[in-house]
Amino acid sequence: MADILAAPQHAQAKTAGDTSLRTLGLISAAHWVSHFHLLVLPMLFPFLKAQLGVGYIELGFALTVFAVVSGLTQAPIGYLVDHVGARKVLLLGLALGGFALIMLSLHLTYTSLIGCAVLLGLANSVYHPADYAILSAHMDEARMGRAFSIHTFAGYFGGAVAPAIVAALVTTVGGLGALIVSGAVGPLIALLLMIGGVPDAHAAKQRDATGAAAKASIITPALMLLTVFFTLLSLSNAGISNFGVVALMTGYATSFPTANLALTAYLGAGAAGVLAGGFLADRTTRHGQVAAICFAVNAAIVLAIATVALPDPVLIAAMTAAGFLGGVIAPSRDMLVRRAAPPGAAGRAFGIVSTGFNLGGIISPLLFGWIMDQSAPHWVFGISAAFMVLTVLLAPITERRPKA
């Protein structure tokens with residue numbers, strides 16, 4: 001009799017597990033697209049420069065436009081996610097990003113490039129609010145950290161394979177063809193999400209005990225601190241990711257192959273660290289302490305790179321360790337935001353704090369570019385270590401729970 005009674009419960013649990021797994025796969029596919037689209041235009045800069053007859057300053061301005069638009073629209077998109085539904089917003093974002101690239105291929109002018117950057121920035125602002133709202137609503141609480149880590153890893157992977165994919169497309173179908181194929185990925189994944197039945201999530205479905213939608217204020221001290229935290233995370237990583245190779249070559253006489261291998265190790269280890277961090281995030285509630293410890297060790301490693309001429313094998317090992325530790329904190333970072341979000345406001349919460357990434361994306365090229373113009377490549381790593389120290393100091397504060 002016990003077995004008979006347990007059978008329906010087991011079937012329900014299995015069905016729920018299958019649904020969660022499918023949801024995680026679909027949302028991770030969307031996150032893969034977001035990071036892939038981030039790098040399509042930069043990878044096509046040589047083609048765009050030749051076709052448009054502009055310089056790298058003009059091309060770089062397009063990326064600045066992208067970052068500004070994405071930063072300004074993250075919070076409003078988060079509000080939209082919580083009120084009209086994450087599913088609709090996510091599907092529109094995927095379609096819009098693809099449409100922007102395809103339209104650029106059909107009308108290739110500098111004005112169209114800026115317009116494309118605006119639309120891509122708007123599309124990019126969709127992913128974090130929508131993705132995290134759906135995951136927060138539909139993933140098993142005991143495995144939330146791992147779900148976040150797989151989602152983040154998918155994004156890292158999208159960025160990692162983008163250069164190779166775009167290069168292969170340019171070789172086979174040309175620059176315009178590369179824009180069309182890269183753009184088509186967005187609507188195709190949107191179609192996959194529709195066929196796969198990706199679930200929805202919005203505040204109207206999250207009721208309090210009285211049956212009324214939660215109306216807690218979204219502008220809380222915790223979320224403001226986390227926005228600063230995200231900005232520091234972005235700044236601590238951007239200098240190494242964007243200027244690490246040239247800094248190692250000009251300041252340390254490191255060969256291009258070695259410097260490139262060191263950065264590849266840094267980025268690859270970061271992706272592996274994200275997966276490891278998911279298991280860690282599910283086994284602790286002290287997510288701020290996890291971030292502080294990892295970044296304290298990271299700061300020491302990066303400071304050593306800044307101040308000591310390391311042999312090539314040691315340099316690569318140090319960059320690998322730094323990348324891994326930087327990846328480990330990502331799921332804990334996301335769990336901090338989820339904990340701080342008022343009921344029914346996951347979209348807005350992740351939209352607000354994700355503006356920190358965009359602020360870092362706006363500031364870092366100017367800051368680290370200025371450092372390189374001052375012929376101070378060691379400070380690329382030195383300033384990165386300083387931002388890590390600030391992150392260490394802020395991390396424990398971010399996990400303070402609001403008073404009941």
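Tutor: Buried means under 20% relative accessible area, exposed means over 50%, and partly exposed lies in between, using a 1.4 Å probe and protein chains only. Keep in mind that this is a predicted model, where local features need pLDDT of at least 70, side-chain atom pairs count only at pLDDT 80 or more, and totals for chains, interfaces and linings use all residues. Residues are numbered from 1 along each chain as its sequence is written, and side-chain values use heavy atoms, leaving out hydrogens and water.

Student: So why does I180 count as partly exposed?

Tutor: Because its relative accessibility is 36%. I180 is found in helix α6; helices here are DSSP runs of H or I, at least four residues, numbered from the N terminus.

Student: Which residues make the nonpolar surface patch?

Tutor: In general, a patch takes residues with over 30% relative accessible area and no salt bridge, and joins nonpolar side chains (Val, Leu, Ile, Met, Phe, Trp, Tyr) within 5 Å, or like charges within 9 Å. Areas come from the Shrake-Rupley method with a 1.4 Å probe. Here F99, M103, L106, V173, I180 and V181 make a patch of about 520 Å². The elements giving two or more residues to it are α4 (86-106) and α6 (144-196).

Student: Where does α7 bend?

Tutor: A bend is the angle between axes fitted to the seven residues ending at a position and the seven starting there. Helix α7 (residues 221-252) bends by about 70° at F243. After α7 comes A253, with a positive phi near 55°.

Student: How many salt bridges does the structure hold?

Tutor: The rule is a side-chain nitrogen of Lys or Arg within 4 Å of a carboxyl oxygen of Asp or Glu. There are three. One of them pairs R146 with D282 at 2.6 Å, N to O. That pair links distant parts of the chain, 136 residues apart: R146 sits in α6, and D282 in the loop between α8 (256-281) and α9 (287-307).

Student: Are those two buried or partly exposed?

Tutor: R146 is partly exposed at 22%, while D282 is buried at 19%.
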